Amino acid sequence: MDGVSAVPDRPDGVSAVPDRATLRLALVVAGLVLAVLVGFGLGRLNNGGVAVAVGGADSALADHAHAPGLGAHSHGADQAAAAEAGGLAVSRDGYTLIPLAAEFTAGRAGELRFQIRDGQRRAVTRFAVVHDKPMHVIVVRRDLTGYQHLHPTMAADGTWSVPLTLPQPGIWRAYADFTALADDGRQTATTLGVDLV
């Protein structure tokens, strides 16, 4: 025999010892259930984790906590804007990203030039320095096979420029991450995005 013996007192003659495939399946299912329960428990211990992961540490959601188990509810019209990921729109928070050129030749050096304009379509020229730079530009290929983190420079008229070579043809997304300074001293941190081809 192969080491598995039938139980003589069972009338159907079937072994009481499960075969290896059944045992393996039971262990995989038990492992998955354990992983889900541990993840749920760790999530309950870290109440503020979801808000920080969704909106970032400086998000309007970061200081928003509820008692465990409290369902979804509304805080007004700005809740959706606070939870929206940055870089999905060319305009947000009263600012618009205006690319001066959005087409590049693959593999050839070019220059990304753009302006940030306010609600009155004026070029914004005052920005707070965040992470040692007033403007961070991330360029990512849509299929995630390319990535660049750039720091453009601003001319006096509010035009930002930075050398850019897109190594492969396709659709790329440029994300401009900045904190604009208004005339009254208000700071508005936002991320705007535009497609490049």
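Which residue in E8 is the bridge partner of Ile138? In this predicted model, the bridge partner of Ile138 in E8 is Tyr175, and that pair belongs to an antiparallel arrangement in which seven bridges join E4 to strand E8, residues 172–181.

**Strand E4 and its burial**

- Strand E4 spans residues 135–141, and because seven of its seven residues are buried, the strand is largely enclosed by the rest of the structure.
- Met135, Val137, Val139 and Arg141 point one way from E4, while His136, Ile138 and Val140 point the other way, and the residues of both sets are all buried.

**Partners of E4**

- With strand E8 (residues 172–181), E4 runs antiparallel and is joined by seven bridges, one of the residue pairings being that of Ile138 with Tyr175.
- With strand E5 (residues 147–150), E4 also pairs in the antiparallel sense, here over four bridges, and Val139 of E4 stands opposite Gln148 in E5.
- E4 and E5 together form a hairpin with five residues between them, and in the turn Leu144 has a positive phi of about 65°.

**The largest cavity**

- The structure holds one cavity of 30 Å³ or more, and about 40 Å³ of space lies in the largest cavity.
- Its lining is made up of Leu97, Pro99, Leu112, Phe114, Val137, Ala174, Tyr175, Ala176 and Val194; strand E2 (95–99), strand E3 (110–117) and E8 are the elements that give two or more residues to this lining.
- E8 gives the most to the lining of the largest cavity, with three residues.
- By residue class, the lining of the largest cavity divides into nine nonpolar residues, no polar residues and no charged residues.

**Thr188 in strand E9**

- Thr188 is found in strand E9, which covers residues 187–196, and with a relative accessible area of 15% Thr188 is buried, because the cut-off for that class is under 20%.
- When its neighbours within four places in sequence are left aside, Thr188 is in contact with Asp93, Tyr95, Phe178, Thr179 and Ala180.

Methods: Residues numbered from 1 in each chain as written. Predicted model: local features only at pLDDT ≥ 70, side-chain atom pairs only at ≥ 80, totals over all residues. Heavy atoms only, no water. Buried < 20%, exposed > 50% of the residue type's maximum accessible area, 1.4 Å probe, protein only. Contact = heavy atoms within 4.5 Å. Pairing = 2+ DSSP bridges. 1 Å grid on protein atoms, 1.4 Å probe; cavity = no way out; pocket = protein on both sides within 12 Å on 5 of 7 lines; lining within 4 Å. Points joined across faces, edges and corners; volume = space filled by probe spheres on them. Nonpolar A, V, L, I, M, F, W, Y, C, P; charged D, E, K, R; others polar.
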